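Here are some notes for a colleague who is opening this entry for the first time. Please read them with the model on screen.

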Amino acid sequence: MPADRIDHVPYPPEFAARYRERGHWRGETFGGLLREWARRYGDRTAITAADGTGLGYAELDDRADRLAAGFHGLGVRAGDRVVVQLPNVPEFFEVVFALFRLGALPVFALPAHRAAEISYFCEHTEAVAYVTTAVHEGFDHRELAREAARTVRHAVIAGEPGEFTALSGLYAEPRDLPGPEPSDLAFLQLSGGSTGLPKLIPRTHDDYIYSVRASAEICGLDEDSVYMCTLPAAHNFPLSSPGTLGTFYAGGRVVLCPRPDPGTAFALIERERVTITGVVPPLALVWLDAAPRTPYDLSSLEILQVGGAKFAEEAARRVEPVLKCRLQQVFGMAEGLVNYTRDDDPDEIVTTTQGRPISPDDEIRVVDDEDREVPPGTPGHLLTRGPYTIRGYYRAEAHNATAFTADGFYRTGDIVRVTPTGHLVVEGRAKDQINRGGEKIAAEEVENVLLGHPAVADVAVVGIPDDYLGERTCAYVIPRGEAPRAAEIRAFVRRSGLAAFKVPDRVEFVEAFPVTGVGKISRRRLRAALRARLDEPGGPGESPGGPGESTGGPPDDRPAEASSPIAPGTHEER
Ligand code: OOB
């Protein structure tokens, strides 16, 4: 197998043995778990859709079986990849569990992804099928299906199928299917990425089930828990921290929230007596603003989880008094490691730290630029290894050589410090990724698109500080000849088929980049130099090229269109 075709870098046998010995890995699969939940929880409601329709555990189990048979009938087999792009609807879980049962691997696309991302996932994983919805938030996903159909054998549509296969027609007579092993891959999750092409994260049944079970325990979920899935269901945070899967594990009920705006979300919290949900920081800010004058009764809410990006301490302090519920900070990553503040942590810890790891077997190293451990309490690069953290990305051998240490630690790209209590505080980031309110954008991916514009001689995309989103994106462009309009630059990114959240919020035209030296300068250094400029007094408002260096292209500071993969619609609230 060529080096870049390695699907899964397995856990070394001595680690796997240890994780089994300690009871973390219990030899379970998601397909098997659903069967057990159906036996144990039977007719109890597993999922309540936005329209109030309920789906019981036994029913979910049965529908997953029927759908597994249907996918099998289409020729989908164990190990095959299937790109799944569904919004927060019950079918998401039916499809995903059907694929788990077959041993086929869902590739978790987000509803905001567009042709560029979807085509890439289909091609890179050599997917056999693409499952999506007909129309979502005004966008016709069958257009994406038309593109995907060039590489996948089947496009399956929830809703009006057009020329494609209708999901509703796939439910067939259940049949006996062998199913995967616990150590097999369960699915491919998406990485926020810091390089040109998004990376895929291979997770096994063993490792993911451990993180789900332990998360459910840490968050105190039980049969009375009502978890509202507010963020897109496919994202790691609402999927497993403890998320929908953790809620199923505990026998609770999942409520699917179609949009996260306070009007929709608060109404559902009242109607369904929601006890716990998870949001990204900008959404928490919107909810904090709206809560004091909402007509809805939010008193059932016991825990508000906030994660995906740094939650400002000042906002963190407002959660309990305003929403009358406990705050839980969650610092996690689809690659594995998840940290939570705990119920019995003092308020000061809950508001000022991003929590501590799930597992006693999560290994944390904080190092300097030369990989030497820094003294306790000093900020440094966070490296981690453990029972649910991957050892390598999917088919990305060259990238894996730098993303992991020789002894298997994942380089998170986050700068953290560890408090004397063992909690982590996220101090910054050392990766070329922009965290736009929880939405992750690889600078290089957007730059590569912009370099294809005829009027762009060079470009660097960086995050600029923003009170609401934490960061917004700014493309610094050296024009070729006369500077085009900023709106044209943004429209170009949109037309390229990238998700709308990757469209730069702001475009600045400069004559030169603020770096010294001759020859080709690495883009990484360039971005670092631009970021350093932004941190100087004067901040982001100043031209990074310094006085006189900006060509002062047409001022255009309108934000990108309202969209977000993990907090859709939050922009409309402001
Ligand atoms: C979650 O997962 P991803 O894969 O979208 O992003 C991971 C990255 C982290 O490496 C870090 O840079 C950032 O997102 N991040 C945070 C954070 N939570 C995530 N930075 C500061 N403070 C936090 N609380 O975002 C994710 C996965 C599972 C649970 C929660 C979040």
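1. The chain is assigned three stretches: domain 1 (30–180), domain 2 (215–429) and domain 3 (437–535). These bounds come from an automatic or database domain assignment. Between the centres of domain 1 and domain 3, taken over C-alpha atoms, there are 36 Å. In their contact, domain 1 supplies 6 residues and domain 3 supplies 7 residues, where contact means heavy atoms within 4.5 Å.

2. On the source: this is a predicted model, in which local features need pLDDT of at least 70 and side-chain atom pairs count only at pLDDT 80 or more, while totals for chains, interfaces and linings use all residues. Residues are numbered from 1 along each chain as its sequence is written, and side-chain values use heavy atoms, with hydrogens and water left out.

3. Helix α7 (residues 205–218) packs against helix α9 (residues 243–250) at about 70°, and their axes are 8 Å apart. Helices here are DSSP runs (H or I, at least four residues) and strands likewise (E, at least two), numbered from the N terminus. Axes are lines fitted to C-alpha atoms, for helices over the stretch in contact, with angles from 0 to 180 degrees between N-to-C directions. α7 and α9 are therefore roughly perpendicular to each other, a label for angles of 65 to 115 degrees. From α7, Tyr208, Ile209, Val212, Arg213 and Ala216 meet Leu245, Gly246 and Tyr249 of α9. By class this contact has 6 nonpolar, 1 polar and 1 charged residues; Ala, Val, Leu, Ile, Met, Phe, Trp, Tyr, Cys and Pro count as nonpolar, Asp, Glu, Lys and Arg as charged, and the others, Gly among them, as polar.

4. Pro242 sits in the loop between α8 (236–240) and α9.

5. The axes of helix α10 (residues 262–272) and helix α11 (residues 281–290) come within 11 Å and cross at roughly 75°. That makes α10 roughly perpendicular to α11. Pro262, Ala265, Phe266 and Ile269 on the α10 side meet Val286, Trp287 and Ala290 on the α11 side. The contact of α10 with α11 has 7 nonpolar, no polar and no charged residues.

6. Arg273 is placed in the loop between α10 and β14 (276–279). Its phi is near 50°, a positive value in a residue other than glycine. Most residues other than glycine have a negative phi, and most peptide bonds are trans.

7. What lines the second largest cavity? The lining consists of His8, Val9, Tyr11, Pro202, Ile390, Arg391 and Gly392. By class it has 4 nonpolar, 2 polar and 1 charged residues.

Technical notes
Angles under 35 degrees count as roughly parallel, over 145 as roughly antiparallel, 65 to 115 as roughly perpendicular and the rest as oblique. On a 1 Å grid over the protein atoms alone, a cavity is a set of points where a 1.4 Å probe fits but cannot get out, and a pocket is an open set with protein on both sides within 12 Å along at least five of seven lines; lining residues have an atom within 4 Å of a point.
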